[in-house]
Amino acid sequence: MKQPTGQKIVFWTLVIISIVTLSAPTFVVLGASVTSGNIIAFPPEGFSLRWYGKILGEQDLRDAFVRSLQVATICVLVSLPTGTLAGIALSKYRIRGGVAIQTYLLLPFTIPLIGSGIGLMLAFGDAGVLGNLWPVGVATSVINLPFMIWAVSSSAAGLDPDLELAAQSCGAGPIQTFFNVTLPAVTPGVITGSLLMFILSLNEFLVSLLLVDARIVTLPVQIYNSIRSIITPDLAAVSVVFIVVAMIAITILDKIVGLEIFLKSK
Amino acid sequence: MRNYRSSYPTTWRIMDVFEKAFAAIWPKGRGKYTPYLMLTPAIVLVGTLVVGLLYIGDSSLRTLDRSTFQFSDYWTLENYTRAFSESFTATIIWRSLLGAMIVTVVTLCLAFPYAYIMVRTPKAVLRKFLLIALFLPFFIGQVVRAYGWLIILGNQGMVNDVLGLVGVEPLRLLFNYPAVLFGLVQYMLPFAVLMLAPAMTAIPEEIEAAAGSLGASWIKTMTHVVIPMARPGLVGAGLVVLTLSLTDFAMPAILGGGSQDFIANAIYDQFFRTSDQGFGASLAIILIALGSVLVGVIFTVFGAGTLELGSTDK
């Protein structure tokens, strides 16, 4: 359909503003990380990879990165089975009290992050488990769980219930039906959800900040602590790690399910 | 006669063991409870949040004795009366609320055309580009993005360097209210577009064409056809943006530089700077209540929009 010129101008102006605001920080961080100067300046003072060399030598940054990876892995390990089962159950069955359960399962989104984080901090603190990484992983999986459930339930909605009946009439028990029919049908949702959970957990800042102590800071917290003191190009180089991980995640997502899946109407 | 079962592949045998085990702990008669069994892990996991809330509620009812730094062993509403009587609380709540509302309106104004063009464009390449431009910042995280803005807007930042080249005095672009709001808008934009796009996809293009062929201008088509039809998406996106920006911590902390605290920052400070856990907890409860009231009002006025989990049309 041909769009009127007025509409085109207005919409495109707003879209270009959006694209610039969305992309500017990424490009600036990329640019700042390869400066050869000691401070971040514009125009940049020539090209060098020395800040990357520097961060490789910084033990605390490397440790923080590894810890972030561990937290994200724990998050996926917890939320993948939990969210998959819940997503399938919510989309496949008509459940008595379904609305109440849905509202309850949306609590991670309706309770402000600072509330969830502080609540978990007090609860985990009372249980004496703070100071470990796994509570951070569990916390990031709780606060993002609705994403996992969403991803799975939207792909389970396309599952034909007759397929499961067919499997059962061929003699498959409930377990076999689940693993051979139901689960493969929702795999795109499971992959999308797990990837989202991994990235969101890797990037999680506030809940991390509340649940870690000085010995186990994660990378976002490490960056936050450093930008409050002084802005040097080595931080830009560290931030590029996040940009690279994000790019990899987007590529995987696009290859496996296609980014267009997010435009599909329910 | 040969036992035919001996020719079973191993995987079948393993499956059979699982089936038997499952049948033993979950007999067929309980079949109608199976969905609840599947939901149990998620319910337990989210339960940790409920436990956390109980802890906050408990703390909020205990006051700090400044001489001994002990919390009272009885419950009192003193923290709440203090929160409501101090002007500091009102300032911060108003700043957060107003900020969240401005951010919501601006974000929706930017997200709507973005989602519209992304969904409507016939060019697959453009669509992919818009999607990547959306997902990249979404996946990069708040701290790194705020850091990027520090580089761009700082006193020695890029904008001021450029202005310096043409002889303009450095402007103070950071650590003020607009900087925080700007940071929030760009943080919320991907959420808003991703919530809007499915609703936009659901609107058939022919309806717009029909409105146009009946003589409606594009503005009329938008306000009378597309926007009303996209309402579930707009409500969902607006709700997410409103609550997330109302309760945000990182943007006010990094781009506000301590002078533009939102409620979350005030709560954090009570816990980690002033060590007045009780007062901080009461602020947290007030924030949760405020958020829930907002969500409740929007749900009753506009419906749940696209926020529903699972499918609704059964």
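# Close-up views of a two-chain model

**View 1. Chain A is built from helices.** From the N terminus on, the elements of chain A run α-α-α-α-α-α-α-α-α-α-α-α. That gives 12 helices and zero strands. Helices (H or I, at least four residues) and strands (E, at least two) are DSSP runs, numbered from the N terminus. This is a predicted model: local features need pLDDT of at least 70, side-chain atom pairs count only at pLDDT 80 or more, and totals for chains, interfaces and linings use all residues. Residues are numbered from 1 along each chain as its sequence is written, while chains are lettered from A and ligands numbered from 1 in the order in which they are written. The C-alpha trace of chain A spans about 70 × 65 × 30 Å along its principal axes. Chain A has 266 residues, and buried ones make up 46% of them. A residue is buried if 20 or more other C-beta atoms lie within 10 Å of its own, exposed if 12 or fewer, and partly exposed in between, with C-beta atoms placed from the backbone. Of the contacts in chain A with a separation of 6 or more, 78% join residues 24 or more positions apart. Two residues are in contact if their C-beta atoms, placed from the backbone, lie within 7 Å.

View 2. Along the principal axes, the C-alpha trace of chain B spans about 100 × 75 × 40 Å. Of the 314 residues of chain B, 46% count as buried. Residues 24 or more positions apart supply 71% of the contacts in chain B with a separation of 6 or more.

View 3. α1(A) covers residues 5–33. Its 29 residues reach 41 Å from first C-alpha to last, close to the 42 Å expected at 1.5 Å a residue. The expected span is 1.5 Å times one less than the number of residues in the helix. At Ser23(A) the helix bends by about 40°. The bend is the angle between axes fitted to the seven residues ending there and the seven starting there. A proline, Pro25(A), follows within four residues. Pro25(A) is buried, and the buried residues of α1(A) also include Leu22(A), Val28(A) and Ala32(A).

**View 4. The two chains meet.** Here 89 residues of chain A are in contact with 84 residues of chain B. On the chain A side, α1(A) gives the most, with 17 residues. That side divides into 63 nonpolar, 21 polar and five charged residues. Ala, Val, Leu, Ile, Met, Phe, Trp, Tyr, Cys and Pro count as nonpolar, Asp, Glu, Lys and Arg as charged, and the others, Gly among them, as polar.

View 5. α8(B) is largely enclosed by the rest of the structure, because 21 of its 25 residues are buried. The helix bends by about 35° at Met188(B), with Pro190(B) following within four residues. Ala192(B) touches Thr107(B), Leu108(B), Ala111(B), Ala237(B) and Val241(B), not counting residues up to four places away in sequence.

**View 6. Two loop residues of chain B have positive phi.** Phe175(B) sits in the loop between α7 (158–165) and α8. Its phi is near 55°, a positive value in a residue other than glycine. Phe175(B) counts as partly exposed, with 18 C-beta neighbours inside 10 Å. Ser275(B) lies between α13 (263–272) and α14 (277–302). Phi of Ser275(B) is also positive, about 55°. With 12 C-beta neighbours inside 10 Å, Ser275(B) counts as exposed.
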